[in-house]
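Here is a briefing on one protein chain. Keep the sequence and the coordinates in view while reading.

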Amino acid sequence: MDRYSRQTLFAPIGVDGQKSIGEKHVLLIGAGALGTGNAEALVRAGVGKITIIDRDYVEWSNLQRQQLYCEKDAREKLPKAVAAKQRLQLINSEVEINAHVADVTADMLEALVKKEEFDLLLDATDNFDIRMIINDVSQKHGVPWIYGACVGSYGISFTVFPGESPCLQCLLKTVPLGGATCDTVGIIAPAVGMVVAHQVAEALKILSGNVKDCNRKLVSFDLWKGQYVSLNVAGLKNTECLSCGENKAYPYLSFENQTKTAVLCGRDSVQIRPAETMSRELGVLKELLATQGISAESNPYLMSFHVEGHRLVAFQDGRVLVHGTKDIVRAKTLYHRYLG
Ligand SMILES: [Zn+2]
């Protein structure tokens, strides 16, 4: 076990902590900047198993900060979950890595958490609704989760222990948790690294059996301005909270709050998700388009083509991204015209 010698020498982890880390299963939601940073650190640290969910594919604008990806991934438009798994497996072949190219919905997340018995949920999304779903799933199934977000040179992180700490819903009224995304105001890589450092440190405490050492405070910082804040938020736990209070309703699980068609946050793109999960025959589709004189590029996971000034990307699970518009009607028209 030489590869972990520096970590076992670190007294709070030691041999027992390392063994414990090696038996744990982490669910990582999102494989963008935060996701790749968290995944690489945990895989190097020797976590037993990691399951990664991401709905996107690698683009050139990701390479500045999404540390597992390279130019080849962007050229091939590889789904992030797939590209991440390939790279991670090269870093540590002993870790079991599951990759899902999928959109996170309440139903799928709950089903996955019931089936897999995760020890920790790691938030690496840039999507507020998905965080609220993670928050409810964490409370309902008693699995801790680590919130992390960054934008510009700013970052924030907090660990939620169901039944003990306030949850994200509790914090919402008091702590400004976002709005802007990196697609609208940009982001610098060190802000990502700082949030990843906080998330991974807390994760290692939880996974190595040192929950007592966890930082119960909310941390936030602005690396450009040199500002660091550590907030004691224990008093914000709200007994009337619908997610973690006395009468739990898990609002983000119990009603369908996810529209089937969504304008992607801060991006000039619309995502269309079919009502039922389906398996799209990309090869057949490519041939059908070819008969209309449209040439499509494809890899085993997705297919993309240009029509009427827009780029459409169709995934195997039925989802379609329409780039170059925020107009849902326009996007749906193109979807029906070319993809059924
Ligand atoms: Zn709460």
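Eight strands make an open sheet of mixed pairing, ordered β3-β2-β1-β4-β5-β6-β7-β8. The model is predicted. The chain is assigned two domains, domain 1 (4-256) and domain 2 (259-339). A zinc ion is held by four cysteines, Cys167, Cys170, Cys241 and Cys244.

**The sheet**

- The edges are β3 (96-101) and β8 (227-231), each of which pairs on one side only.
- Neighbouring strands are turned against each other by 10 degrees on average, direction ignored.
- Strands of a sheet pair through backbone hydrogen bonds, either parallel or antiparallel.
- Strand β1 (residues 25-29) runs parallel to strand β4 (residues 120-123), and four bridges join the two.
- Val26 stands opposite Leu120 of β4.
- Helix α3 (residues 33-45) lies across β1, β2 (49-54), β3, β4 and β5 (145-151). The helix runs at about 165 degrees to β1.

- β7 covers residues 218-222, and five of its five residues are buried.
- In a regular strand the side chains alternate between the two faces of the sheet.
- Both faces of β7 are covered. Leu218, Ser220 and Asp222 are buried on one side. Val219 and Phe221 are buried on the other.
- β6 and β7 pair in the antiparallel sense, over four bridges. Ser157 stands opposite Val219 in β7.
- β7 also pairs with β8 in the antiparallel sense, over five bridges. Leu218 has Leu231 in β8 as its bridge partner.
- β7 and β8 form a hairpin with four residues between them. Gly226 sits in the turn and has a positive phi of about 70 degrees.

**The zinc site**

- The SG atoms of Cys167, Cys170, Cys241 and Cys244 coordinate the zinc ion at 2.2 to 2.3 Å.
- Angles among the four donor atoms are 96 to 122 degrees, and the site is tetrahedral. It counts as such because all angles lie between 85 and 135 degrees.
- Along the chain, the donors follow the spacing C-x2-C-x70-C-x2-C.
- The site links distant parts of the chain, with Cys167 and Cys241 being 74 residues apart. Cys167 is in the loop between β6 (154-160) and α8 (168-172). Cys241 is in the loop between β8 and α11 (251-254).
- Cys167 and Cys241 are both buried.

**Two domains**

- The centres of domain 1 and domain 2, taken over C-alpha atoms, are separated by 29 Å.
- Domain 1 gives 16 residues to the contact, and domain 2 gives 18 residues.

**Asp103**

- Asp103 is found in the loop between β3 and α6 (106-116).
- Is Asp103 buried or exposed? Its relative accessibility is 7%, so Asp103 counts as buried, the cut-off being under 20%.
- Which residues does Asp103 touch, not counting those up to four places away in sequence? They are Arg55, Met108, Gln271, Arg273, Asp317 and Arg319.
- Among these contacts, Gln271, Arg273, Asp317 and Arg319 carry numbers within the bounds of domain 2 (259-339).
- Gly30 is 73 residues from Asp103 along the chain, and their C-alpha atoms are separated by 9.6 Å.

**Ser20**

- Ser20 lies in helix α2 (residues 14-21).
- With 12% relative accessibility, Ser20 counts as buried because the value is under 20%.
- Ser20 touches Leu207, Ser208 and Gly209, leaving out residues up to four places away in sequence.
- Tyr252 is 232 residues from Ser20 along the chain. The C-alpha atoms of Ser20 and Tyr252 are separated by 32 Å.

Notes: Residues are numbered from 1 along each chain as its sequence is written. This is a predicted model: local features need pLDDT of at least 70, side-chain atom pairs count only at pLDDT 80 or more; totals for chains, interfaces and linings use all residues. Side-chain values use heavy atoms; hydrogens and water are left out. Two strands pair if DSSP finds at least two bridges between them. Axes are lines fitted to C-alpha atoms, for helices over the stretch in contact, and angles run from 0 to 180 degrees between N-to-C directions. Contact means heavy atoms within 4.5 Å. Donors are N, O and S atoms within 2.8 Å of the metal (3.2 Å for Na, K and Ca); water is not among the atoms, so sites may look incomplete. Four donors count as tetrahedral if all angles lie between 85 and 135 degrees; four count as square planar and six as octahedral if opposite donors are over 155 degrees apart and all others between 65 and 115; anything else is irregular. Buried means under 20% relative accessible area, exposed over 50%, partly exposed in between (1.4 Å probe, protein chains only). Domain bounds come from an automatic or database domain assignment.
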